[in-house]
Amino acid sequence: MLKASALYIVIVVALVIAVLCSSLIVSAYYYRLQYQRKFRYDQLQSNLNSGISILLASDLSAYKNERIFALYNEGEDSVSLKKSSWGIFEVATSKAFVQKDTLRKAFMVANKIDSNRWAALYLIDEDRPLSVSGNTMIRGTAFVPKAGVKEAYVDGKAYQGDKRLVIGSKRNSERQLPGLQEGVLRQIESIRGYKSTDSSFNHRDSLSNSFFNPTMVVNFRKKATTISNIKLSGNIIIVSDTSLTIDQTATLSNVIVYAKSITIKAGFHGKCQLFAQDSIGVQRDCDFGYPSCLGLLRFIADKGVQGRIGIGENTQVNGAVFTYEREKSQLQNLIDLSKNVKISGLVYAQGLVRFKSGDEINGGVFTNRFLYQSAYTTFENYLIGVRIDAAQLSPYYLTGSLFPVAQKKQKVLQWLESN
Amino acid sequence: MAGIKLSVTGKAKASSIVEVVISMVVIVIVFGIAMGIFANVQRLSLSAQKVHAQAILKEELIKTEQEPHISKQTNNVDGFEVSSEVTPYQDHADLYLIALAAFDNNGKKMAELREVVYAK
């Protein structure tokens with residue numbers, strides 16, 4: 001006998017419909033939740049970008065202390081912005097938050113280059129010409145003394161380069177280099193006085209500090225130290241009142257080193273800013289990634305010792321190399337390049353630059369005087385077998401506001417951290 | 001009972017009238033609730049139009065931020081009326097506030113977007 005059982009079948013059908021309905025509700029709920037999350041994320045992203053724009057358009061002083069405010073004076077548009085100096089560059093942090101959700105980004109800021117003030121070569125006018133010999137090439141705008149550029153015969157070699165001598169426009173240089181920005185110099189000078197958070201690395205093999213945290217300052221004081229077998233990255237400043245050696249086994253990423261004298265061992269690879277009072281000695285085959293900076297700063301004149309940045313053979317520097325002295329001394333600072341050194345960026349010497357043949361500058365050189373040392377003689381203002389090519393500089397190259405070639409407009413140099 | 005062959009002598013037990021009425025009431029209630037839920041979910045869930053409007057505004061923002069200049073205009077984009085207003089942000093020379101909104105044919109706001117941009 002067959003049972004009709006209409007109620008039984010209806011209950012089964014009702015259960016099936018109930019299951020379908022509840023799954024529909026659950027899926028709609030999650031879809032809505034996800035969409036709201038994405039909507040909030042988009043809104044936060046938009047606020048974060050607004051914060052980044054505000055930071056790029058503002059001076060360092062306006063956001064030196066972290067500022068929290070509403071972008072449009074409404075709810076759900078709060079941002080927290082901060083900008084601080086980081087060597088020759090600046091580091092900015094932007095945070096956008098709604099309730100518990102936060103998006104944040106840390107980035108390095110630098111200035112666009114001013115094409116009117118940028119030059120492949122700027123040699124101050126000391127009433128004598130610039131002489132070129134061998135396979136020398138100067139491409140780009142050149143600010144040279146009124147006495148001009150001349151071909152010369154040195155070490156049995158005549159000039160073999162382009163007949164124009166300077167491939168680009170020639171302008172008269174002044175008797176002094178365009179100055180560095182004092183405010184940035186003072187910022188760099190103040191690094192020495194930063195309150196130290198540590199006096200050693202405590203046998204760690206890696207140390208990283210976020211740019212959202214307070215700066216970690218490791219001060220070795222008067223103890224000569226070698227940094228080796230360690231990976232340092234982020235918001236870290238290493239300070240020493242005496243000599244500091246950085247071994248090739250150390251990896252530095254975005255950190256600042258400030259010491260009396262710094263030695264970089266052969267084969268080092270890293271991306272850092274090095275500032276020294278007396279000397280920086282970079283041994284051969286080193287590679288400084290962009291953005292790096294080697295700076296010699298003599299705030300107090302030391303008449304007995306010549307400040308010197310020595311760069312070893314086959315070394316590459318991407319960024320800037322500069323020397324500065326507050327009071328002009330008789331023994332001017334020297335940037336001494338060995339053979340086949342390649343610098344992409346700016347060389348700014350308030351002093352002397354000594355080239356060796358095979359050196360390559362993809363960017364510009366600003367200097368008081370050139371030196372060339374042959375076996376027997378030292379030649380002044382001679383360029384022999386050197387290639388200075390402004391056209392080879394990357395169109396994305398940005399410089400620090402320290403240099404006179406910097407525009408006021410700022411751009412993001414590199415993204416450091418984000419979530 | 002279509003498809004089931006009954007013998008001449010066979011019997012099929014019928015449901016009582018009460019059982020059938022209760023079944024009908026239950027099925028009507030269950031269907032009613034189900035339709036209500038379905039309608040609610042459909043009404044409250046995001047329409048494809050809103051997503052489309054959001055995407056249009058993002059595209060407009062990218063275009064406007066390339067070369068921002070003070071302006072106020074309304075365009076018709078893909079069936080939406082997109083209003084765009086560029087104003088200086090806090091009197092800063094290089095900062096602009098771009099405010100975009102998309103409306104449907106009935107004038108209902110489907111999406112809006114605001115961002116401060118830096119003139120490159």
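A: What follows is a short exchange about the domains and the chain contacts in this predicted model.

Q: OK, which domains is chain A divided into?
A: Chain A is split into domain 1, covering 6–111, and domain 2, covering 121–403.

Q: And how far apart do the C-alpha centres of those two domains of chain A lie?
A: The C-alpha centres of domain 1 and domain 2 of chain A are 43 Å apart, and there is contact between the two domains, with 11 residues of domain 1 of chain A meeting 15 residues of domain 2 of chain A.

Q: Which elements of domain 1 give two or more residues to that side?
A: On the side of domain 1 of chain A that touches domain 2 of chain A, the elements giving two or more residues are strand S3 (78–86), strand S4 (89–98) and strand S5 (101–113) of chain A, and S5(A) gives the most, with 4 residues.

Q: How do the residues on that side of domain 1 divide, nonpolar, polar and charged?
A: The side of domain 1 of chain A that touches domain 2 of chain A has 6 nonpolar, 4 polar and 1 charged residues.

Q: Switching to the other chain: how many residues of chain A are in contact with chain B?
A: There are 27 residues of chain A in contact with 29 residues of chain B.

Q: What supplies the chain A side there?
A: Strand S1 (2–3) and helix H1 (6–57) of chain A each supply at least two residues of the side that touches chain B, with H1(A) giving the most, 20 residues.

Q: And how does that side divide?
A: The residues of the side of chain A that touches chain B divide into 20 nonpolar, 5 polar and 2 charged.

Definitions and conventions: Residues numbered from 1 in each chain as written. Chains lettered and ligands numbered in written order. Predicted model: local features only at pLDDT ≥ 70, side-chain atom pairs only at ≥ 80, totals over all residues. Domains from an automatic or database assignment. Contact = placed C-beta atoms within 7 Å. Nonpolar A, V, L, I, M, F, W, Y, C, P; charged D, E, K, R; others polar.
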